[in-house]
There are 2 protein chains.
Amino acid sequence: MFSPLIDELMAALRCLPSVGPKSAQRMAMQLLEHDRAGALKLADCLVRAVEGVERCQRCRTLTEQELCGVCSNTRRDNTLLCVVETPADVLAIEQAGSYQGKYFVLLGHLSPIDGIGPEDIGIDQLLMLLDQEPITEIILATNPTMEGEATAYYISEKAQRAGITVTRIAHGVPLGGELEYIDGGTLAHAFSSRRAIT
Amino acid sequence: MFSPLIDELMAALRCLPSVGPKSAQRMAMQLLEHDRAGALKLADCLVRAVEGVERCQRCRTLTEQELCGVCSNTRRDNTLLCVVETPADVLAIEQAGSYQGKYFVLLGHLSPIDGIGPEDIGIDQLLMLLDQEPITEIILATNPTMEGEATAYYISEKAQRAGITVTRIAHGVPLGGELEYIDGGTLAHAFSSRRAIT
Ligand SMILES: [Zn+2]
Ligand SMILES: [Zn+2]
């Protein structure tokens, strides 16, 4: 509008999730008017992260080291392996703070229609881990979507054949969730997965 | 958490307005997993904007040129001068698309309690413009806060003494605004500024 550089910056900020034109404008103005040091720091972090961050050799999450912080942590329980779809899922579980085992990140889910088969989600590497590590239980935390369920089913078949206990995290009404605001699919699942009170 | 570089990136993203820990995390994951090219482009734009963008010599908005796009546009009406507090205000008015005159940006407002006097908001430069340019009307678009009103009053005194027409943009209930959701101050102002239907 009054400056090509600012227009370009506003356009570039749109690569961030849920940043529309209005937010991008507010961000550009805020940085240029009040936080140029923060803007330079952000630029520096972006470049270093893009150049440095790759995949953990063992679990495939994002890290700049050969092994991520969880995989290299000898105090984690290596008899438990939680299987998730994305590194963001690992972050979410870590922030919940109660899980003490290790992870394996599929980086996706089975989707025959998109040509995504077992080899694309690291099943070979997962089976190798089951072989090499003292894993006794696999906790399947793929998403409760059709593809996530199919992926969970596929892995459970393989793991049970290897003699390993397989569990699936519970799905249902979130704690503190009000029934009237829960979507129908979740409610239906919550009913069909109901348990007897003992 | 599992990577110092990612933690640093998430912290750096917090310099963006209304980006909390959860959004910063989502942004970092999205960029590293799905848009590394976008991340590098953003870093590049940040650095070039911080290094290149300064103030327009005439109106004090943000630009990397000596004169901003509005000031250097000979098709704008240079008998109208709209006075605003910030470059973001200029952007907002430009996006509304109906104003065809020029601007002057105060970069703040009078605030004796914070030691901000006329010299800090460029009043000298503003008076010089009134002297050098064929301005016939000043439109005061400072914010409808106590400081914004005081600043508008101060400028109107100076400009009227120079024989220039001074106007203030209208404040009241926004078009499409529902009365029940409008704050009390705005409503009170809308009532006290009511006009006879002619
Ligand atoms: Zn790892
Ligand atoms: Zn200008």
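The side chains of Arg48(A) and Asp44(A) meet in a salt bridge, 3.1 Å from N to O. This contact belongs to a predicted model. A search of the whole structure finds 14 salt bridges over all chains. Chain A can be laid on chain B by a turn of 180 degrees, with an RMSD of 0.1 Å. Zinc ions (ligand 1 and ligand 2) sit among cysteine donors of chain A and chain B.

- Side chains of opposite charge can pair when their charged atoms come close.
- Arg48(A) and Asp44(A) both lie in helix α3 of chain A, which spans residues 36–52.
- The two residues are four apart in that helix, so about one helical turn separates them.
- Arg48(A) counts as partly exposed, because its relative accessibility is 30%.
- Asp44(A) also counts as partly exposed. Its relative accessibility is 37%.

**The pair in chain B**

- Asp44(B) and Arg48(B) form a salt bridge, with the closest N and O atoms 3.1 Å apart.
- Helix α3 of chain B, residues 36–52, holds both partners.
- Asp44(B) and Arg48(B) are four residues apart, so they are separated by about one helical turn.
- Asp44(B) is partly exposed, at a relative accessible area of 38%.
- Arg48(B) has a relative accessibility of 29% and counts as partly exposed.

**A bridge between strand and helix, and a network**

- Arg168(B) forms a salt bridge with Glu149(B). Their closest N and O atoms are 3.3 Å apart.
- This pair links distant parts of the chain, 19 residues apart. Arg168(B) is in strand β6 of chain B, residues 165–168. Glu149(B) is in helix α6 of chain B, residues 146–161.
- Arg168(B) is partly exposed, with a relative accessible area of 28%.
- Glu149(B) is partly exposed too, with a relative accessible area of 33%.
- Salt bridges that share partners also build a network, made up of Glu8(A), Lys41(B), Asp44(B) and Arg48(B).

**Zinc site in chain A**

- Which atoms coordinate the zinc ion (ligand 1)? They are the SG atoms of Cys56(A), Cys59(A), Cys68(A) and Cys71(A), at 2.3 to 2.4 Å.
- The site of the zinc ion (ligand 1) is tetrahedral, with angles of 106 to 119 degrees among its four donor atoms.
- Along the chain, the donors of ligand 1 follow the spacing C-x2-C-x8-C-x2-C.
- Cys56(A) and Cys68(A) link distant parts of the chain, 12 residues apart. Cys56(A) is in the loop between β1 (54–55) and β2 (62–63) of chain A. Cys68(A) is in the loop between β2 and β3 (77–84) of chain A.
- Cys56(A) and Cys68(A) are both buried.

**Zinc site in chain B**

- Why is the arrangement around the zinc ion (ligand 2) called tetrahedral? The four donor atoms subtend angles of 106 to 120 degrees, and four donors count as tetrahedral if all angles lie between 85 and 135 degrees.
- The donor spacing for ligand 2 is C-x2-C-x8-C-x2-C along the chain.
- Cys56(B) is buried, at a relative accessible area of 2%.
- Cys59(B) is buried, at a relative accessible area of 1%.

**Relation of the two chains**

- Two copies of a chain are related by a rotation about an axis and a shift along it.
- For chain A on chain B, the turn is 180 degrees and the shift along the axis is 0.0 Å. That is the relation of a two-fold axis.
- Ala43(A) comes closest to the rotation axis of the residues of chain A, with its C-alpha at 2.0 Å.
- The copies meet through the same surface, because 100% of the interface residues of chain A are also interface residues in chain B.

**Annotated regions of chain A**

- An unreviewed UniProt entry places "zinc finger region: C4-type" at residues 56–71 of chain A.
- Residues 56–71 of chain A are 0% helix and 12% strand. The end C-alpha atoms of this stretch are 8 Å apart.
- The unreviewed UniProt annotation "domain: Toprim" covers residues 79–174 of chain A.
- Residues 79–174 of chain A are 38% helix and 20% strand. Their end C-alpha atoms are 28 Å apart.

How values were computed
Residues are numbered from 1 along each chain as its sequence is written. Chains are lettered from A and ligands numbered from 1 in the order in which they are written. This is a predicted model: local features need pLDDT of at least 70, side-chain atom pairs count only at pLDDT 80 or more; totals for chains, interfaces and linings use all residues. Side-chain values use heavy atoms; hydrogens and water are left out. UniProt positions are given in the numbering used here, feature names are shortened, and annotations may be inferred rather than shown by experiment. Copies are superposed by least squares on the C-alpha atoms of residues with pLDDT of at least 70 in both. Contact means heavy atoms within 4.5 Å. A salt bridge is a side-chain nitrogen of Lys or Arg within 4 Å of a carboxyl oxygen of Asp or Glu. Buried means under 20% relative accessible area, exposed over 50%, partly exposed in between (1.4 Å probe, protein chains only). Donors are N, O and S atoms within 2.8 Å of the metal (3.2 Å for Na, K and Ca); water is not among the atoms, so sites may look incomplete. Four donors count as tetrahedral if all angles lie between 85 and 135 degrees; four count as square planar and six as octahedral if opposite donors are over 155 degrees apart and all others between 65 and 115; anything else is irregular.
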